[in-house]
Amino acid sequence: MQVSRRTALKQVLMVSAGIALLPSCLHTTPATLKLKNLDVNGDDEKMLEELTATIIPTTKTPGAREVKAQQFALTMIDDCFNKEAQQKWMTGMKEFEALCKKQTGHSFVNSTPAERESLLQSLEKEEGPAAHFYKVTKRLTIQAYTNSEYYLTKVEEYELVPARFHGSIPVKDLTKKTL
Amino acid sequence: MANINTSAKDRTFDAIVIGSGISGGWAAKEFTEKGLKTLVLERGRDVKHLKDYPTTNMYPWEFPHRGQIPEAIKAENPSISRCYAFKEDAMHFFVKDKEHPYIQDKPFDLIRGYQVGGKSLMWARQTQRWSNFDFEGPARDGFAVDWPIRYEDIAPWYSYVEKFVGISGNKDGIPNLPDGEFLPAMDLTRVETYFKDFVAANYKDRHVIYGRCAHLSEPQPIHIEQGRVKCQKRNLCQRGCPFGGYFSSNSSTLPWAEKTGNLTMRPFSVVHSIIYDEKKGKATGVRVVDTNTKEMTEYYANVIFVNAAAVNTNLILLNSVSNRFPQGLGNDSGVLGKYFAFHNYRGHISAQYDGFKDITTDGRRPTSAYLPRFRNVQKQETDFLRGYAAGFDGGRRLTSDNSGFGVGLKDKLSNEELGPWYVGSHMMGETIPKEESQLTLDKTSKDEWGIPTLHINVGYDDNDEKMLKDFFEQMTEMYTKAGFTNIQTSDSHQAPGLDIHEMGGVRMGHDPKTSMLNKWNQLHACTNVYVTDGACMTSTSTQNPSLTYMALTARAVDHAVSSLKKGDI
């Protein structure tokens, strides 16, 4: 059988794709996001999702989970942080997981809500690498939430076409919060 | 579109305009309205009004980085990344550093917009007239050369362009900031009105006014005819406005010129040089490099307007060498490229005001308040020359305490409260044009269009440092007396260029021995070439300069067309 150039190329690509995936398959699932700089896997991503959901939980209204805050945080760190800041955040993430294991005996994902809260409570007041990771992630979580479609349509309305400007209006006359 | 194979006749026009930004757009409008077949050469791509504003209707959450520029782009393009308007929503309108390198003999962040419309798409839209206190500055204070024009020469042209552009403003009756043809002003905020009244009551000859801006607060028939409607106060101007609410070449002058049937727009056309004919004693056309094919083609016309933006206008003239003009076109005096200047935007001051707790603002506004220059106006009174204008902006923001996490944090974020009134000012200082502040061509390296790389050697001086100090002192004093608290001053130390008000190098003057252009913006030594962009500026004063470029351009085209009729050029 004659193998066309196209078929041959395809086979090569499939084989190399398999090789590229192999090592990470052995450990864990890959992250759902395609990242350029960060070495983050599916477990890390799941942990981030749980962390952001602890920072801004789902109540009767959407929280960090619904606005996919972990994906936004990863995108920002991957694209908009310099190498040094990325490294600091990654180191902090490992420390954060280690600290969680030390305090609770298991990973953040497997911790109870009470365990998670007690961990974050302590980090709010601390300075080290784990606290740094938590604070940066929290800042990005807040940014993701307050810039989400939900927040900017239901909580504080972002008006694309305000068509007005009043320079001096009594606060009590405002009927809604707008940006 | 003409190409290299077309005949010289097909490549001949009545007028050629180099550049399609704020001044080139005006040259195009004026020439075509007066019946001249006009070729506009634009080095960048075409940007059509409405059609080519890809981000204009995007919501904040639709930008993957919520406006921020990715680190990889910043690292590759340090200069443009420092520009306040280079954000995710408008980055496609700015030139990346590596797309057109230049040599910084001193730090200089050059901000460029290579597209039809140029920087008129992303400009800050502030439009303040000059007065004789500005035009007479160099003669009174003994720097640069005397301007060959006075306010009376340009005043009718200010009116002429203002009516077409649409300027929102108040008639303030301030001698050093003449009133113009205004559409209604928008509101000042409560704290701005407070500061305005405070300054009026406490300082003779200092004023806080509404910053006049190129926005249609109430469109007139002439604006509706352009297809523009009322400013909707979106404050997303840098993306291109679907309402034509602010003035740009794309929304206004260029479509107007196109309607006459006399306009030929040629994007992707880098002007290499102007062709000088020694026998005729004048310029006959331009050499153009097509950015796609890299082929060079000549285009011809009786009159040429150079509106390539200040730096590139200098570059074109410096590169237009001939036996008659070995140092650059019209450069008998040797001043071409010299006496380059800019505006000092280094100083910022911010504070807060704890009154008016029950008052706020509603909606958005595309301008702010403005303090016209108050230093050294009537006479010299400080240890530095000239002075500065300042912006003044005050409002309230929704804020929350972001401590903690969980339901508590979510509640706080969902119930943000109005913070105190913030106030802030930035400095717009006049800088003194100096001989050593100059643009020159590199002897060896060339850009990808075969044009020598440009050296920029422009910096701050002692006068600028003294003025910056005075800005901090005077503003701090006014803020303190007005009862503002938490006053913070900061020096951005930004390089020249980031003000995006680069001016000079082809200055106007009476004397061909010390200047390049006469009082009509014609090259003294080659009178069918006119320069009416920032390069023509003899001094910089403090006002945002675009309105003056537009007025000078309309005036110069009027002169060029009557000179052509009389056979003078």
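This is a predicted model: local features need pLDDT of at least 70, side-chain atom pairs count only at pLDDT 80 or more; totals for chains, interfaces and linings use all residues.
**Entry 1: extent of the interface**

I began with the residues that meet. I found 53 residues of chain A in contact with 47 residues of chain B. Next I looked up the area, since the size of an interface is often given as the accessible area lost when the parts come together. The area buried between chain A and chain B is about 4,200 Å². Carbon and sulfur atoms give 61% of that area. In chain A, the residues that lose the most area to chain B are Tyr158(A), Leu160(A) and Phe165(A). Together they make up 18% of what that side buries.

**Entry 2: polar contacts and the salt bridge**

I then looked for polar pairs. Across the interface of chain A and chain B, the rule finds 25 residue pairs in polar contact, both residues being at pLDDT 80 or more. For salt bridges between chain A and chain B, the count is 1. I noted a salt bridge between the side chains of Arg164(A) and Asp362(B), at 2.8 Å from N to O.

**Entry 3: which parts of chain A take part**

I listed the elements that give two or more residues to the side of chain A that touches chain B. They are the helices H2 (42-55), H3 (69-80), H5 (113-124), H6 (129-146) and H7 (149-155), and strand E1 (165-170), of chain A. H6(A) gives the most, with 7 residues. I also sorted this side of chain A by class, and it has 27 nonpolar, 17 polar and 9 charged residues.

**Entry 4**

I followed E1(A) over to chain B. There, 4 bridges join E1(A) to strand E14 of chain B, residues 359-363. The two strands run antiparallel. I looked up one partner: Ile169(A) is bridged to Thr360(B) in E14(B).

**Entry 5: Thr367(B)**

I moved on to the loop between E14 and strand E15 (369-371) of chain B, where Thr367(B) lies. Is Thr367(B) buried or exposed? Its relative accessible area is 8%, so Thr367(B) is buried, the cut-off for buried being under 20%.

I checked what surrounds Thr367(B). Not counting residues up to four places away in sequence, Thr367(B) touches Gln126(B), Tyr210(B), Gly211(B) and Cys213(B). With Gly211(B), the side chain of Thr367(B) reaches the backbone oxygen, at 2.9 Å.

Definitions and conventions. Residues are numbered from 1 along each chain as its sequence is written. Chains are lettered from A and ligands numbered from 1 in the order in which they are written. Side-chain values use heavy atoms; hydrogens and water are left out. Contact means heavy atoms within 4.5 Å. Buried area is the accessible area (1.4 Å probe) that two parts lose on being put together, summed over both. A salt bridge is a side-chain nitrogen of Lys or Arg within 4 Å of a carboxyl oxygen of Asp or Glu. A polar contact is a pair of N or O atoms within 3.5 Å; within protein, one must be able to donate a hydrogen and the other to accept it, and residues adjacent in sequence count only if both atoms are side-chain atoms. Ala, Val, Leu, Ile, Met, Phe, Trp, Tyr, Cys and Pro count as nonpolar, Asp, Glu, Lys and Arg as charged, and the others, Gly among them, as polar. Two strands pair if DSSP finds at least two bridges between them. Buried means under 20% relative accessible area, exposed over 50%, partly exposed in between (1.4 Å probe, protein chains only).
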